[in-house]
Amino acid sequence: MTDAGRAKEKRARGQGFFALVALGGIIVAAVALGRLGTAPTSAAEGGAARSGSWYCPHGGGEGWEVRLQVANPGEEPVRVRVASFGEEGPAGEPAEFEIGARSVRSINVPADALGAGAMVEYFDGFAAAGWVTESADEKDVPGGVAAEPCTRDVGTRFLLPDGTAARGEDAYAVILNPFAQPAVFTVRLYTPGERPVETPEQVLRPHHASAIHLNEFGVLGQPTVAAEVKVSVGRVSAATLGQTKGGGLRASVGVVSGSPQGRVLPGGLDTGTADLAVMNTTTERIELEAHSFTGSGDRTTAGAQGQPVSPESAATFRPLTTDPTTLYVAAANAAIVTGRRTSGTDGDRASTVGVPYGTTGPWVVLPAVGGRRPFDTRLYISNQSPDVAAEVTVTLLGAEGVSLGRDQQRLSLKPRVTAYVELPHEAPHAAVLVESTGAEVVPAFTSYSNDRTGYAVSVGVPSPG
Amino acid sequence: MATESTDLPTPSVADGTASPSVLVVLIVRNGGAWLRDSLAGIAGQTYERLGVIAVDCASTDGSGDLLVQALDEERVIRLAHDAGLSGAVQQVLEDERAQEADYILTVHDDSALAPEAVARLVEAAEGIDVEDVGVVGSKVVDWDQPRALVDVGSSSDRFGHPYSPLESHELDHGQHDRVREVLWVSSAAMLISRAAWVRIGLPDERLGSSSEDLDFCWRARIAGLRVLWTPLAVVRHVGASGKSARVGESRRPHRRYDEERAAVAAILKNYRLVSLLWILPLYALQSLAKVLGLLVSRRFDEIRQVGGAWLWNVVHLFGTLLRRRRVQRVRRVRDGQVHRYMVPGSIRVRRWFEALGRIVPGDVDVPDDEDQQEAAVPLRTMASSAVKTHPVAAAWVAAIVVGYFASKHLWGAGPLSGGAVPAMPDSAGDLFRELLAGVRTTALGGAQAASPALAVLGSISWVTFGNPDLAERLFLAALPPIAAVSMYRFLLRTTARRVPALLGAGLYALSAVAMWGFSEGRIDFLVGFAVLPRLADRIGVALGPGTPKRRVRFMVGTGVFLAVGLAFWPGIVLASAVLVVVYLVAPEQRRRRAPGIGLIIGVLITGAALVFPLIVDLVQGGAVGLGSRVGAPVVADLLRLVLGPATGDWQVAWLLPALALAGFAVVDRARRHGALRFLLIALAGLALAWASAAGWLPQQFSNAPAYLALVALAYASLAAIGLVSVLGKMRGTSLGLRRLLAAVLVIGAAICLSLQSLLAAFGGWAVGDNQLPAAWPIVAKDTPPGYRVLWLSGRRGEPFPAPGGDPSGVAGDGDATLWFSITDREGVSALDIGRNEQGAGYTYLEDVLAELQDGSTTHVGALLAPLGVRYVVAEEDVLPAGVRSRLGVQVDLDRQPAGGLEVYRNVDAIPDAVIFSDEVFAEARRSGDLSAATAIEVTDVSQLTPVGIGWDGETSAGGDVWIGDQYAPGWRLTAGGESRPLERSFGWALGASASGGGMVAVRYEDQWIRTAEIAGLALLWLAAVWITRKPARR
């Protein structure tokens, strides 16, 4: 080969080598870029438009009285719009009003049929809403009282764990569709030891509410009738309404999903017994872990701890409680859905699904007091933390223009201890704002009518602060 | 010199025994250079009964004297002007010596008869038992190269355009040697029988030398006379008139004029009335199409020639009709019998491809020794001979076959939809109206100018009988081939070899990114993709070693390309900028950069000026309109030019980058620098494409499709350069890595092209007939109209489901990032081609989406109400979980059952133009406070009626007028007899109090600004087109 030929060959090899280097560079760059990933985006700040809505599937009946309580824990007035819906559609024009700073306002809403509900919208701030239902007195049997915060949840699946169709009990699922689109749904009923039962598909027209009498679907006599509302078109909000022959009344809003961390179910002023209803919609057996946060601290809950719940079923346990006792219930490897039915001393009952464990405050607790009879009320507060004490401040939110005198109280709570606060008698219809430092707490109002025939529990709702 | 026969021949036909007499009519005009040979040819004839009369048509080069010397004064007729063939023959026939001739033989002064020519002509006329022979033509060969054929008897198409069966420079191998009947023969040596001139008269003297022989022979045919061609009579011919080789004759620039003029005249004269009724309109249509084609290619001189030809025929209609009368009076045969001698359509198609092959290279200089160089390539045996000899025509055929199958899905009864194809308006007029409108009528409105691209789309729609949908289909189908042609021209200049340039063009047009653009119906991108190689070519010239000859023309011409690209696809600026930077960083040779940079600046200024309203908007929007949010940051996808799921995203797409790398590896020394530059372009393009898709670049510079188009150009160029290097240097190369790479390159290119072609032909495309999601009518068919659609997606870099188009903005971060766009209910519109979404309305929308993501409101529907958003649409399961759950809890957004889509209906939506009386809304409108807007619940609204650019309405109790379009000064409200400007509402829209009630009118009063802009723009384009006009083809 000549020198020129060799030089040419060398150049050609050089070019090939350069191509290989380029290929190598591309591969290295590809790996590096893959690791670098995408750039963070600069997002516009939200929070300028503060508004929200509460759904209150309270139900009703002839002669019943339902009072919505709307509390504004903030420092600025809040505009509120309340729309009511019944089995015949919207019940009149929506009411619009403004709630002043740190105050609560009540408004009676139509509730003359089982299918009844309301939607509370608030604008330019935050307001919490709840309802108190008082059923009508029948002959010698005084009507019951039920209190429950409205729910922010709206969706295509609702779980209602606390129903019972035991003798003397009527269980209803109150379904509210406040939206402009029809909802199509079925209700699947879970009972102990039986296969779930599903109701036929039902259509709930826009801006309507309805009630499903769960007893009618082959579950009569079952101590536990947990309901799963499944919506195939549209969305709804749902709650249970339970009535006893003795005049008892309880209500509890549904939850859209189970709580992997467990649930906290406050209570107090009760007779010392509670029904713990648990529903298991999964195909796996679950086992309960139950604790009681009492006045003296944490202890396992006899009667519930370690109890199994079969797949696709519901069960009721009766743990022993003292006053005060807040229940903490969880399930290993499963999201728990549970409710607490508490009996009052004279026939009336209360019910709550509590809050997911770990929910943070501050909390607004709405009154659990009916309007027909004088009531005593207590605010129960439970420290969720296993090892940190909580410093709690309770601020009364009274009706506008009403002076409450002592409007703020402070207390200290040891870990996993439940305590209560007596509220001034002059403010039975006041709401409270509960703020804590150190540890997270869960508050709830309980109330008794002075004649002991009305008993209600109202768990607090978190406020955006 | 003297002829053998000096007296006129005695008539002999009467007795039937003697040979017929032939009178040679030698027509002379400044033919001194060839006249001696011509006379010698006549003198050397073996035929005995031959006479000669020469006609000197006012020669000035001494030809007349030469004739007199050779023939004597009495056999030379001197004319004072150039009377042409017809005039010369007429002069001769008026001479009493011609009265007795049986035949006349026209001979040009640049024709030299072979000795046997006359005898053979007469033999063909009388000796082969064929009756009624009117005209006999001879085998005309080249004067200097007698083996090269010039005429073997010709034909024409139905419209009288001449057609020769000969290939260019076809050599005589005897392949045409048989006496044949033809339509016409050359008058260079044409034997005309007495019957012919008596029956049909003389050639039409008005048509000129280039067309009168065709017309004459056609008429002979009509009169029932045969036109024969004999190969035995040979004549050498210069073709001096065609070559402008005569003394004192400049080249005739009016070839098209002559041809068109003669064609129309021939049609008018020679067809029967029944035929004329369809031929003439058809020809008029064809001429119109021709004019449009010439208009597009800026050949104004040829347009003038076509127009002049028609005008001439109008002016001379009376004379034409007189001649027609004579033609039709002697008619013996039907038109159909004449058609037998005209060319069939298939031959015309072949010729058309050949013409394309000549036209497409344009001004590109290809070395003359190409054939010789290609002859050295051993791999050429792999190709068929047809492909070797006519590679461009073969490529066209292949392109048409692939294009036919690939575009089959485009032709159907339903509207074109799917992918990202924009919805066309109902009529061409809508496109022009939007172009001229002072305000934007789509999306969120505002004062954004429409792109000049609408003028192109409108014109095409107008041509397609006012059917924009058809125009869109045609445009879409045409763009990939146009991109291939554009790339071919670029590569031809780069490589100077046709076959590698063709392969490179094929690789470019069939690259994954091109197929993605076609699959999604991205007209804007495909226009840019087609223009990019032309810009690359021009940038290479501007920054290359030489300097363009006509700098202004070059600058304006390149500016026109840039403007076309910009008008459709502003992202082309980014691709061009990368090209400029790479050419500056790696220049071809050391040279002063200033002149090139000056040219580039000039191009930029010209391009910007030609779309200046668009540029103003781009600048006002912070140039974000240059960007695109399409493309995912997947390196493996970007490397093979894949931008998203589409036909062409298969693994075969790896072949192109592999070919590029192989091409780079085998490139020879002479092309190494160019290859390095393309490698740089590819690497830069890939890096920028990834950075764009990953969000690391500012929006102004983020355009993954633009950078990938550039990479496709670089890949195809590297492959073509590699092929040139390999094909040119294989002889003598020993078997080794280089040879292996060469084989890989060639086989790889073939496989890549074949597979991509097959995929293109038989793959499925996103765009087609009725390709919209089944659930889309839920959104599109709602009433009343006058609402908008908000599109959301959580998927980076992907378009929305059809007809949502591409995201125009992004909100949120991390896993909750949302890509969004807002459209009318028809989806993305063709009226917005080249125009981006910008303005305060989009800022408001971003704020609303921030509220949605923040979760601090359940009244997003109310916040969207001012935007006129009635539907929020997303592809199923692509929204971030958090966003979906927040949408699910909105009080005023109801999810609709819609398979394949997530559709939320906004119950608080209000039409885009209303009168209402709602205090909350009025307060929110004025304050622009989002919190106040959450309480919007407008129930008592009266919709305004659109009227041109504005709305009309009526109100009994006053209220507020609300127009959900972006604010622009110039809007005025007239209500209750008072006129006032509309206020800025919510910080971005239009509103005003219409106190007093009564009739309400909203009008835009700054329309004159846009009108002036468009007038200025039209003038600029006219100037640009005039400066860059092309000379007529000769």
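Which residue of β12(B) does V140(B) stand opposite? I looked this up at the outset and found V235(B).

**Entry 1. Ground rules**

I note that this is a predicted model, in which local features need pLDDT of at least 70 and side-chain atom pairs count only at pLDDT 80 or more, while totals for chains, interfaces and linings use all residues. Residues are numbered from 1 along each chain as its sequence is written, and chains are lettered from A and ligands numbered from 1 in the order in which they are written.

I call two strands paired if DSSP finds at least two bridges between them.

**Entry 2. Confidence**

I first looked up the predictor's scores for the complex, which are an ipTM of 0.90 and a pTM of 0.82. I then turned to pLDDT, the predictor's confidence in each residue, from 0 to 100. Chain B has a mean pLDDT of 87, with 91% of its residues at 70 or more. Among the elements of chain B, the highest mean belongs to strand β15 (residues 788–793), at 96, and the lowest to helix α14 (residues 370–375), at 40.

**Entry 3. Where the chains meet**

I looked up the contact between the chains, which takes 37 residues from chain A and 44 residues from chain B. On the side of chain A that touches chain B, the elements that give two or more residues are α1 (3–36), β1 (51–56) and β7 (116–123) of chain A. Of these, α1(A) gives the most, with 10 residues. The residues on this side of chain A divide into 17 nonpolar, 13 polar and 7 charged. In this count Ala, Val, Leu, Ile, Met, Phe, Trp, Tyr, Cys and Pro are nonpolar, Asp, Glu, Lys and Arg are charged, and the others, Gly among them, are polar.

**Entry 4. Strand β12 of chain B**

I returned to the strand of my opening question. Strand β12 (residues 226–237) of chain B is mostly covered, with 11 of its 12 residues buried. A residue is buried if 20 or more other C-beta atoms lie within 10 Å of its own, exposed if 12 or fewer, and partly exposed in between, with C-beta atoms placed from the backbone.

Which strand pairs with β12(B) in the parallel sense over 9 bridges? I found strand β6 (residues 133–142) of chain B. Strand β5 (residues 111–113) of chain B pairs with β12(B) in the antiparallel sense over 3 bridges, and there A112(B) has R236(B) as its bridge partner. Strand β10 (residues 180–181) of chain B is joined to β12(B) by 2 bridges, again antiparallel, with E181(B) opposite L228(B).

**Entry 5. Helix α20 of chain B**

At 1.5 Å a residue its 12 residues should span 16 Å, and its end C-alpha atoms are 16 Å apart, which agrees; the expected span is 1.5 Å times one less than the number of residues. Because 12 of the 12 residues of α20(B) are buried, the helix is largely enclosed by the rest of the structure.

**Entry 6. Two sheets of chain A**

I looked up an open sheet of 4 strands in chain A, in the order β24-β20-β26-β27 with antiparallel pairing. Its edge strands are β24 (313–317) and β27 (349–352), each pairing on one side only. Strand β20 (residues 274–280) pairs with β24(A) over 5 bridges, and L276(A) stands opposite F317(A). β20(A) also pairs with β26(A), over 6 bridges, where V278(A) stands opposite T338(A). Strand β26 (residues 337–343) has 6 of its 7 residues buried. It is joined to β27(A) by 4 bridges.

I also looked up an open sheet of chain A with the order β15-β11-β17-β18, its pairing antiparallel. β15 (208–213) and β18 (249–253) each have a single partner strand, so one side of each is left without a neighbour in the sheet. Strands β11 (residues 169–177) and β17 (residues 237–244) are joined by 8 bridges, and V174(A) has A239(A) as its bridge partner.

Terms used: Contact = placed C-beta atoms within 7 Å.
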